[in-house]
Amino acid sequence: MLESRLPLGLGVSLEDLNPAQRDAVFSLDGPCLVLAGAGSGKTRVITAKIAHLIGNAGYSAGQIAALTFTNKAAREMSERVSLLIDKSQARGLIVSTFHSLGVRILREEAKHLGLKPRFSILDASDSFTLLQELCASSNKKLVRKVGAQISLWKNAMVDADAANRDAASEDELLAARVFRNYQATLSAYQALDFDDLIGRAVTLFAEHDEVLFRWQSRLRYILIDEVQDTNACQYQLLRQLVGSRAQFTAVGDDDQAIYAWRGATLDNLRQLTLDYPNLHVVKLEQNYRSSGRILAAANALIANNPKLYEKKLWSALGPGDAVAIQSSDDEEDEALSVAIRISAHRFERRAKFADYAILYRGNHQARVFEEALRREKIPYIVSGGQSFFERAEIRDVTAWLRLLCNSDDDPAFIRAITAPRRGIGNATLETLGQYANDRGVSLFAAACESALATKLDARRLEPINQFTAFINRYEWRAAREPAGALLADLVKAIGYEAFLFDQDDARSAQARWQNVLDFCEWFGKRAEEDQKNLLEMAQSVAILNMLDGREDSSDAVRLSTLHAAKGLEFPHVFLVGCEEGLLPHRPGESEAEDVLESRIEEERRLMYVGVTRAQRSLSISWCKKRKRARAYEERLASRFIAELALEVAPFAAAQTLSPGERLKGLRELLAPKPKPEAPG
Ligand code: ATP
Ligand code: MG
């Protein structure tokens, strides 16, 4: 088999399924659950089933929705499906995340919710700012805690009244109070936050039977990948959509549940069997991804967790390479050693850079690896990192877009009118804010009222009038002109480039300006592909990730968090930073024993996700010390390494050498001596 074979088995057909997978694909009269370990072809079942539904079972694409966990997974699945069936047959198929489906439902049904169809979606940082104001506190930790509590409530479908009634502590009482004001403010802005995208759809369906019936008859078959990570709210949405017909297929793996901290609960998996007594459960036991030794290590590791459902995976791919364990002196040593080994290994196996992934627990771990890879001239892509959309310059531009869509979006108004500053000072803004408050209208509406002239003199009023006229003009054009060109025009018209250069030194201004240009280009391209105008595009920006689309094409090593690597596979995986305190992650100080135990189990599942991403080789590394603040801290190998129950630790001998010697030794050990890849 070629080292460069495409990931995720492009071009699957029904013949390429084993009997259990076929059972799942052909099971059409009632709910079906595929419960199986990593790499057993669950996602393949979903794509094959979509093709089967459309190709053989008489469904039209528009009657099917497949729900995935990330935008990236959604795109990948659409691509896979389009290889199986005709493009024209696939038109109307919904492959999206729960959040995108929520947005789609809410935009169409906005009038039932007292929302305008062009409502805003508040990003995490906007909601943080809002929460900060409502908490009247500069204590970020407190604000984050309140935000997390509100989010958990929303995902558990507890409203502000119930939260207030049932609050069990001072903290919860505060959070409940903030919750109420937070909701009121969102509704004044005509905005929803991320949790609302699903929560509001659930309430909508609960309160409007006719709307629910419409969606039920529109979406006649639902498929869900990674069902173990759905939260109560998402599960509810699923239940509503499938109704009593219960035509759906869910696939998942309880051993890969890694989102408990975001409110996902394995109870949903248990609940499925209770809610749907006729649930057809299919188990898959053959792993097609990893060679034997990797799979054995994964099985041994996860055997340490209590089991919801018993599963045993086997592989017909042969034993393959031994799992390597490597210790390093510190993180720089580790990063350099990984970079050197990738170089040598790639040469030896005639592999591509894209065959390699470096996986870690937290985003902050990426930096040293980036440096080492750059030093070794190895191309790389960081995924699952800080979102591009969180950059200040992108948030400025998207604020303009949001305001064009929804003039009630006050946070967008404030951001747009001050980036760049348009001769409107803080005092003027305060007066405007006061006036809007008194009148009970949004800032934009207030800015358009003629009576504002009684509060502001002509000199101050003039730039405000110019601003509102500008917005109105662009809104008019937005419905008529191509999105990409119009956005470029807008950015130019507001003088954004000069603004960046005024603010920053030339180098970072240039970098930020480049980000804006990249964004405009992506925006235009995406709008063209999806045939959307600027307003329609702007409404989906908040839930898209522009890095999604451009990642896969280039030949580069992938750097990713373990969470973001879920569902993916790579020929060669480096799982780094496997230390106590990092993986498993350092627990909170005040955690009770039972919480601690379940936390370790979740960390173990995360490690399991990492191990099972590897197809042919897996190298696990840890550091003996690591920099924290400015001092080095001693580290211990993760308990999970021992739990892999490996026979030997191949690189252990190198530990007694100095780092310099070791790297030299490594270079020699891995010096290119090309040999053909063993058949896999
Ligand atoms: P995960 O739990 O990590 O999400 P999964 O169960 O979804 O894994 P897939 O990604 O669908 O597994 O499949 C893993 C790999 O095995 C893919 O490369 C896929 O193409 C391949 N595969 C799955 N089923 C078969 C099969 N019947 N024959 C050959 N290859 C298969
Ligand atoms: Mg999968």
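Student: Which residue's side chain does glutamate 226 meet in a salt bridge?

Tutor: Keep in mind that this is a predicted model. Glutamate 226 sits in the loop between strand 6 (221-224) and helix 11 (232-242). Its partner is 340 residues away, in the loop between strand 14 (557-561) and strand 15 (570-575). With an N to O distance of 3.5 Å, the partner is lysine 566.

Student: Is lysine 566 buried or exposed?

Tutor: Buried means under 20% relative accessible area. Glutamate 226, at 11%, is buried. Lysine 566 has a relative accessibility of 10%, so lysine 566 counts as buried.

Student: How many salt bridges does a search of the whole structure find?

Tutor: The pair of glutamate 226 and lysine 566 is a salt bridge, and so is the pair of arginine 214 and glutamate 109. Searching the whole structure gives a total of 37.

Student: How many residues apart in sequence are the parts that arginine 214 and glutamate 109 tie together?

Tutor: The side chains of these two meet at 2.8 Å, N to O. Arginine 214 belongs to helix 10 (residues 209-218), while glutamate 109 is in the loop between helix 4 (98-108) and strand 4 (120-121). So the pair ties together parts whose separation in sequence is 105 residues.

Student: What is the relative accessible area of glutamate 109?

Tutor: Arginine 214 is partly exposed, at 40%. Glutamate 109, on the other hand, is buried, and its relative accessible area is 2%.

Student: Is helix 16 roughly parallel or roughly perpendicular to helix 20?

Tutor: Two packed helices are described by the angle and the distance between their axes. For helix 16 (residues 392-405) and helix 20 (residues 458-478), the axes are 9 Å apart and the angle is about 75°. Angles from 65 to 115 degrees count as roughly perpendicular. That makes helix 16, relative to helix 20, roughly perpendicular.

Student: How many nonpolar residues does the contact of helix 16 with helix 20 have?

Tutor: Helix 16 brings Trp400, Leu403 and Leu404. Helix 20 meets them with Phe467, Phe470, Ile471, Tyr474 and Glu475. By class, the contact has no polar residues and 1 charged residue, and its nonpolar residues number 7.

Note on methods. Residues are numbered from 1 along each chain as its sequence is written. Chains are lettered from A and ligands numbered from 1 in the order in which they are written. This is a predicted model: local features need pLDDT of at least 70, side-chain atom pairs count only at pLDDT 80 or more; totals for chains, interfaces and linings use all residues. Side-chain values use heavy atoms; hydrogens and water are left out. Axes are lines fitted to C-alpha atoms, for helices over the stretch in contact, and angles run from 0 to 180 degrees between N-to-C directions. Helices (H or I, at least four residues) and strands (E, at least two) are DSSP runs, numbered from the N terminus. Angles under 35 degrees count as roughly parallel, over 145 as roughly antiparallel, 65 to 115 as roughly perpendicular and the rest as oblique. Contact means heavy atoms within 4.5 Å. Ala, Val, Leu, Ile, Met, Phe, Trp, Tyr, Cys and Pro count as nonpolar, Asp, Glu, Lys and Arg as charged, and the others, Gly among them, as polar. A salt bridge is a side-chain nitrogen of Lys or Arg within 4 Å of a carboxyl oxygen of Asp or Glu. Buried means under 20% relative accessible area, exposed over 50%, partly exposed in between (1.4 Å probe, protein chains only).
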